[in-house]
Amino acid sequence: WLTGADGQPVKGGDLIRQPEWGRTLRSVARRGADEMYRGAWAKGYVATVRAYGGRATLQDLERYRPRWRAPISVSFADATVFSMSTSYLACSSLTSLNLLDSMLAPETGPYWKDPAAFRAYARAIQYATLRQVVRTSPTAFERKAALPAATCADRLTKPYAASLTRELLKTQPSPFGDMPIAAPEAGHHTMAVVVVDARGDVAVLVHSTNGALTGIVVGGVPIAESASVNKWALPAARAGDLLNDLAPIIAMRHGRPVAAVGGTGTSLMPETVRLIGEVLSGHATLAAITAAPPLLYNFQPPKSVNEFAAWPVLAPAGAYDASFQQRLSALGISIKEELRNMAWGQLRGTAAAVVIDPATGAATAVEVPVIDVFAESNR
């Protein structure tokens with residue numbers, strides 16, 4: 001929580017003073033990025049980290065060079081959707097959209113009203129989730145169908161989606177056969193923001209502490225303990241590697257951005273997929289999509305992926321009536337209801353989303369404020 005000098009949470013109308021941060025911003029305005037890598041702030045950072053037992057050096061900062069990596073992309077509903085090539089959740093999100101496009105989700109109704117669309121979302125998200133954690137590649141299905149699948153880009157092709165669609169739309173699909181799956185990784189805490197400037201340029205920014213609620217402050221800049229849950233990946237990391245599971249997404253039509261989503265938290269990938277999928281399909285307004293029942297991540301995956309067909313979809317209690325659930329059951333989908341305070345809280349991710357009208361440039365924005373308790377929400 002952001003607190004004032006008295007230690008109490010700030011309220012609307014309170015004046016927040018951050019003089020050290022102000023001085024840092026003025027230095028950056030004068031010197032540019034060099035201030036953070038070679039200037040006084042960089043020296044203060046190194047001194048503070050080393051005072052707490054860290055091993056940072058000024059040479060580390062001076063040698064830093066950004067790497068511009070090509071994004072991954074997939075076509076969906078007459079748009080091209082881009083995300084980060086270094087994130088497994090970005091790959092999962094785009095894999096889901098690729099499968100949705102093949103299952104004609106853009107041509108169905110909203111998933112909360114159309115059981116066929118609900119099935120498409122459920123199976124696409126479930127498959128993409130498990131495909132990232134199977135221990136072997138290719139899967140038995142990919143070998144049988146002669147599908148290239150060594151990279152994420154392979155799984156974003158239309159032939160890959162078309163072949164899988166025939167399996168996933170069965171009442172009892174088995175896209176993996178009998179394969180072991182890895183345990184899910186520990187959770188984390190993140191924050192996202194989507195920015196659109198006056199010219200229509202779009203940026204999606206996602207930051208994660210990925211660790212405990214502790215850290216240091218240097219020149220007004222908070223630096224969290226950011227690597228505690230990523231220790232498992234550090235031994236294999238190379239110099240300059242980014243360890244992340246974030247999936248910011250920007251969708252474009254005819255070379256212009258039309259939608260952007262920054263998702264974070266518990267059901268990051270399902271929340272991202274449902275927002276961008278429904279927005280690009282044109283099924284409802286952004287506000288209506290945000291207010292619709294969320295698609296929740298089931299933290300109890302099947303013991304093996306040959307139980308894929310029986311993996312239930314989590315939903316808020318009372319979100320779908322008995323008739324809707326019966327129609328889903330006929331399609332091979334089961335729902336496990338969760339208490340609404342859990343479904344709209346701990347089990348749901350947060351997201352910032354913007355939709356841009358290509359004709360007028362007008363932008364509509366929403367936040368899904370659940371975990372982070374934004375000031376705009378009482379939930």
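These legends walk through several close-up views of a predicted model. Residues are numbered from 1 along each chain as its sequence is written, and side-chain values use heavy atoms, with hydrogens and water left out. Because the model is predicted, local features need pLDDT of at least 70 and side-chain atom pairs count only at pLDDT 80 or more, while totals for chains, interfaces and linings use all residues.

**View 1. The open sheet has 6 strands.** Follow the order E1-E2-E7-E8-E11-E12, with antiparallel pairing. Strands E1 (72-76) and E12 (363-368) are the edges, each pairing on one side only. From one strand to the next, the twist averages 15 degrees. Strands here are DSSP runs of E with at least two residues, helices are runs of H or I with at least four, and both are numbered from the N terminus. Two strands pair if DSSP finds at least two bridges between them.

**View 2. Strands E1 and E2 form a hairpin.** There are 2 residues between E1 and E2, and Ala77 in the turn has a positive phi of about 50 degrees. E1 and E2 (residues 79-83) pair in the antiparallel sense over 5 bridges. Look for Ile72 opposite Ser83 in E2, and for Val74 opposite Val81 in E2. On E1, the covered face holds Ile72, Val74 and Phe76, whereas Ser73 and Ser75 lie on the uncovered one.

View 3. Helix H5 (residues 88-102) touches E1, E2 and strand E7 (249-253), and its direction makes about 20 degrees with that of E1. Helix H9 (residues 268-281) touches E1, E2, E7, strand E8 (256-265), strand E11 (349-356) and E12; the direction of H9 makes about 160 degrees with that of E8. Contact means heavy atoms within 4.5 Å. Axes are lines fitted to C-alpha atoms, for helices over the stretch in contact, and angles run from 0 to 180 degrees between N-to-C directions.

**View 4. Helix H9 is largely enclosed by the rest of the structure.** Why is H9 described as largely enclosed? The reason is that 14 of its 14 residues are buried. Buried means under 20% relative accessible area, exposed means over 50%, and partly exposed lies in between (1.4 Å probe, protein chains only). The end C-alpha atoms of H9 are 20 Å apart, which agrees with the 20 Å that its 14 residues should span at 1.5 Å a residue. That expected span is 1.5 Å times one less than the number of residues.

**View 5. Val81 belongs to the largest nonpolar core.** This core has 69 residues, and those with the most contacts inside it are Val81, Leu100, Tyr111, Phe118 and Leu280. Its largest share, 10 residues, comes from H6. A nonpolar core is a set of buried Ala, Val, Leu, Ile, Met, Phe, Trp, Tyr and Cys residues joined through side-chain atoms within 4.5 Å. As a general rule, in soluble globular proteins nonpolar side chains tend to be buried together.

**View 6. Ala247 sits in a loop.** The loop runs between strand E6 (221-224) and E7. Is Ala247 buried or exposed? At 0% relative accessibility, Ala247 counts as buried. The C-alpha atoms of Ala247 and Ser93 are separated by 7.4 Å, although the two residues are 154 residues apart along the chain. Leaving out residues up to four places away in sequence, Ala247 touches Ser83, Ser87, Leu89, Ala90, Ser93, Val261, Leu268 and Thr272.

View 7. A search of the whole structure finds 9 salt bridges, each a side-chain nitrogen of Lys or Arg within 4 Å of a carboxyl oxygen of Asp or Glu. One of them joins Arg131 and Glu142 (2.8 Å, N to O). This pair links distant parts of the chain, with Arg131 in helix H6 (residues 115-131) and Glu142 in helix H7 (residues 140-144), 11 residues apart. Arg131 is buried, with a relative accessible area of 5%, and Glu142 counts as buried at 1%. Another salt bridge joins Lys11 and Asp14 (3.8 Å, N to O); here Lys11 is exposed at 58% and Asp14 is partly exposed at 36%.
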